[in-house]
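Biologist: I would like a close look at a single part of this model. Please take one element, describe what surrounds it, and then go on to the other parts you can describe.

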Amino acid sequence: MIEKLAENLVNLKKEFALKYEGNSQIQEIIPTSKSESFPVDQDKLNLLHEFATRNPICYNSFEKIIDDTSCIVYEGDINKYWLNSIQHDSSHAPFSPTWIMSGYILSLFAKENGYSEIIDIGSGDGRIAYCGGVHGMKSYSIELDDMLVNLQKSLTTNVNFNSTCFDAIKFDYLSLNLTKPLFFIGGLAQMGGLELATGVLNRVKPHFHLWNKIGWSFAGTLSKKYPADPKNHAGWGSFIENSNLQLIQNISLPTAWSFHESDETQYVFVKPL
């Protein structure tokens with residue numbers, strides 16, 4: 001189901017990108033109702049729309065039928081949040097969001113693979129953690145920027161997720177009493193993600209009783225704009241090998257930064273050897 005959902009969302013994005021005539025900085029789509037292509041419970045879809053409509057990043061929305069799927073298009077601007085996110089000395093990756101529907105699929109992967117908690121590192125507006133809450137999982141959002149954390153806290157009316165303003169490479173993860181978490185690392189390897197992932201991994205790894213139960217998700221790219229990794233895996237291959245991790249699955253999904261790209265963002269899921 002996850003692979004098919006991801007494939008259908010990528011196809012929908014490509015069709016949308018061909019016909020989009022707007023000029024907003026970011027744009028994304030969410031189906032309005034359950035369908036054969038998107039067999040998502042209506043109450044969960046409604047919660048995804050609620051996140052978008054309450055989110056100050058989104059300043060406009062309109063209905064559109066794309067490839068026979070009824071959708072809401074959300075247009076937005078992240079400039080002030082992006083600028084604020086890069087001012088911190090310990091900032092590793094600037095804020096640029098995945099799609100909300102992509103966040104839903106990513107958190108569904110975590111749930112269906114037996115993970116009990118989602119830890120969204122460098123979480124931006126908290127959409128992956130929020131989607132984990134939509135699935136009924138325990139979700140934790142760790143974000144360095146206070147403006148983004150305040151934004152997150154304004155979006156928790158019907159879906160609860162734990163939002164913390166803290167440097168992720170210094171956070172005490174044992175305080176969360178985790179059992180089988182999946183860590184989402186925000187940021188491409190070539191755009192600060194590698195430093196962030198290294199810091200978080202080194203923070204967690206000494207706790208051996210937890211280490212073998214942890215899953216990891218890294219956002220990667222196939223774009224020629226960025227230097228390729230000799231071990232591949234969308235920029236994460238060398239890190240995965242050097243960290244004694246092994247691939248679980250790679251999922252291709254739309255994000256704000258891949259809207260005008262032919263290749264989507266690659267989410268690389270791994271676990272300890």
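Which strands does helix 1 (residues 2-19) lie across, and at about what angle to strand 1 does helix 1 run?

Modeller: The model is predicted. Helix 1 lies across strand 1, strand 2 and strand 3, and its direction is at about 130° to that of strand 1.

Those three strands make up an open sheet, with the order 1-3-2 and antiparallel pairing. The edges are taken by strand 1 (26-31) and strand 2 (58-66); each has a single partner strand, so one side of each has no neighbour in the sheet. From one strand to the next, the twist averages 25°. Six bridges join strand 1 to strand 3 (residues 69-76) in the antiparallel sense. Within that sheet, Ile29 has Val73 of strand 3 as its bridge partner.

Next, strand 5 (residues 138-143), where Ser139 is placed. Ser139 counts as buried because its relative accessibility is 1%, against a cut-off of under 20%. A polar atom of the Ser139 side chain lies 3.3 Å from the backbone nitrogen of Gly133. Gly133 is also among the contacts of Ser139 once neighbours within four places in sequence are left aside; the others are Ile118, Ala129, Gly132, Phe161 and Asn162.

Helix 6 (residues 146-153) can be described from its start. There, a side-chain oxygen of Asp145 comes to within 3.3 Å of the backbone nitrogen of Met147. The buried residues in helix 6 are Leu148, Val149, Leu151 and Gln152. Viewed down the axis of helix 6, these buried residues fall within an arc of 155°, so they line one face of the helix. An α-helix has 3.6 residues a turn, so residues three or four places apart point the same way. On the other side of helix 6, Asn150 and Lys153 are exposed.

Last comes helix 7 (residues 193-204). Helix 7 has 12 residues and spans 16 Å from its first C-alpha to its last, close to the 16 Å expected at 1.5 Å a residue. Its buried residues include Gly193, Leu196, Ala197 and Gly199. Val200, Leu201 and Val204 of helix 7 are buried as well.

To return to the part you asked about: helix 1 lies across strand 1, strand 2 and strand 3, and these strands form an open antiparallel sheet in the order 1-3-2.

How values were computed. Residues numbered from 1 in each chain as written. Predicted model: local features only at pLDDT ≥ 70, side-chain atom pairs only at ≥ 80, totals over all residues. Heavy atoms only, no water. Helix = DSSP H or I, 4+ residues; strand = E, 2+ residues; numbered from the N terminus. Expected span 1.5 Å × (residues − 1). Buried < 20%, exposed > 50% of the residue type's maximum accessible area, 1.4 Å probe, protein only. Polar contact = N/O pair within 3.5 Å; in protein donor to acceptor, adjacent residues only side chain to side chain. Contact = heavy atoms within 4.5 Å. Pairing = 2+ DSSP bridges. Axes fitted to C-alpha atoms, helices over the stretch in contact; angles between N-to-C directions. Arc of directions from axis to C-beta.
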